[in-house]
Amino acid sequence: MKMLINVAETVVADALRGMAAAHPELAVDVENRVIVRKDAPVAGKVGLVSGGGSGHEPLHGGFVGPGMLSAACPGEVFTSPVPDQMVRAAAAVDSGAGVLFIVKNYTGDVLNFDMAAELAEDEGIQVAKVLVNDDVAVTDSLFTAGRRGTGATLFVEKLAGAAAEAGMPLERVEAIARQVNENARSFGVALSACTTPAKGSPTFDLPAGELELGIGIHGEPGRERRPMMTSREIADFAVHAVLEDLDPRNPVLVLVNGMGATPLLELYGFNAEVQRVLLERGVPVARTLVGNYVTSLDMAGASVTLCQVDEEMLRLWDAPVRTAGLRWGM
């Protein structure tokens, strides 16, 4: 498999060096694997820290900046960052108002962020944690006890980030993050497997002419395999799977997310089908975002995330944001 890399062992460090060169508004510590807003800590502001294995870009490092995360900790590809990274990030962004850890529900991430929270509190940093577990495809998986954390991570980081930017206290920022997670559900579909730099070949076997319904962002198995379906059929399946678990009484935010290798031409066509299903089901749409945001290296496929919102949540979504991966209103 051809890749635009030097060697597999330096792929994360090389990417961080490139990010530092492209984004002088960020302080990128390549050696210690921490990405921080250069203006951190911001006086009186709650710090937001997240992280996870690399390979899901722009999640999480691409969401560091005003209106979203204060810092992110990238691990090796599909591997959790370590507690030392998280403690370093928390110390860098703590203004005295406390720090919120946003954690996707994967066993390594959960254990390491739990340990980091204890270590940070030993250093006098007040820490709260929110777990993201929005994937309705399966319960328990290769790397997870319970539901996996996927596309809703973007919604949690955006709305909690806007709340922190507005000067809300830690308890309120944490409550908003939990509210977003509780009101968000996702479902993903793979048309091809992803290839990690270390392995150099597909991480699982998906025969030509088949797709995986309910795939995880590391290539974890989903609900079932079927012969290839049309965009219309995939949208019917994915949206119905989400709405079986989420009964929105308010308008929803919609994320049509590419898994890394699906072009925007296809994603916008898929979004048209997602919007059709929502209209048929009588679900009003408040805002829609289409693009590659929570990816799985070079996997072809897409995921659908819905989050029902009230007026405050919608205001937080619309609030200005300026990051490498998401920006508007500034």
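Which residue's side chain meets R287 in a salt bridge? In this predicted model, the partner is D318, and the N to O distance between the two side chains is 2.7 Å.

**Salt bridges**

- The salt-bridge count for the model comes to 19.
- Both members of the opening pair sit at an intermediate level of cover: R287 is partly exposed, with a relative accessible area of 33%, and D318 is partly exposed, also at 33%.
- In general, side chains of opposite charge can pair when their charged atoms come close.

- A network of salt bridges links R232, D236, E273, R276 and E280.
- Within this group, R232 and E273 pair through their side chains, with an N to O distance of 3.7 Å. This pair links distant parts of the chain, with R232 in helix α6 (residues 231-245) and E273 in helix α7 (residues 264-280), 41 residues apart.
- R232 is partly exposed, with a relative accessible area of 42%, whereas E273 is buried at 19%. E273 counts as buried because its 19% falls under the 20% cut-off.
- D236 and R276 form another salt bridge, and their closest N and O atoms are 3.1 Å apart. R276 belongs to α7 and D236 to α6, so this pair ties together parts that are 40 residues apart in sequence.
- R276 counts as buried, with 16% relative accessibility, while D236 counts as partly exposed at 22%.

- Four acidic residues, E118, E121, D122 and E123, form a negative surface patch.
- For E123, the setting is the loop between α3 (107-122) and β6 (127-132).
- E123 is exposed, with a relative accessible area of 53%. The label "exposed" applies because 53% is over the 50% cut-off.

**Buried positions and their neighbours**

- Helix α2 (residues 83-93) has these buried residues: P83, Q85, M86, V87, A89, A90 and V93.
- What do the buried residues of α2 pack against? Their packing partners are the strands β2 (34-37), β3 (47-54), β4 (71-77) and β5 (99-104), together with helix α3.
- A163 is part of helix α4 (residues 152-165), and it is buried, with a relative accessible area of 0%.
- Leaving aside residues up to four places away in sequence, A163 touches M168, V173, I176 and L316.
- How many residues apart in sequence are A163 and G67? The two are 96 residues apart along the chain, yet their C-alpha atoms are 8.1 Å apart in space.
- T323 sits in the loop between β13 (321-322) and β14 (327-328). Is T323 buried or exposed? T323 is buried, with a relative accessible area of 1%.
- Not counting residues up to four places away in sequence, T323 touches G62, F63, V64, G65, P66 and M68.

**Backbone positions to look at**

- As background, most residues other than glycine have a negative phi, and most peptide bonds are trans.
- The peptide bond joining E57 and P58 is cis, with omega about 10°. P58 is in the loop between β3 and β4.
- Another cis peptide bond runs from L59 to H60, with omega near -5°. H60 has its place in the loop between β3 and β4.
- F78 is not a glycine, but it has a positive phi of about 55°. You will find F78 in the loop between β4 and α2.
- L297 likewise has a positive phi of about 55° without being a glycine. L297 is located in the loop between β11 and β12 (301-308).
- L297 is partly exposed, with a relative accessible area of 24%.

Technical notes: Residues numbered from 1 in each chain as written. Predicted model: local features only at pLDDT ≥ 70, side-chain atom pairs only at ≥ 80, totals over all residues. Heavy atoms only, no water. Patch = residues over 30% accessible without salt bridge, like charges linked within 9 Å, V, L, I, M, F, W, Y side chains within 5 Å. Areas by Shrake-Rupley, 256 points an atom, 1.4 Å probe, with all protein chains shown as cover. Lys, Arg positive; Asp, Glu negative; His and termini not counted. Charge placed at Lys NZ, Arg CZ, Asp CG, Glu CD. Helix = DSSP H or I, 4+ residues; strand = E, 2+ residues; numbered from the N terminus. Buried < 20%, exposed > 50% of the residue type's maximum accessible area, 1.4 Å probe, protein only. Contact = heavy atoms within 4.5 Å.
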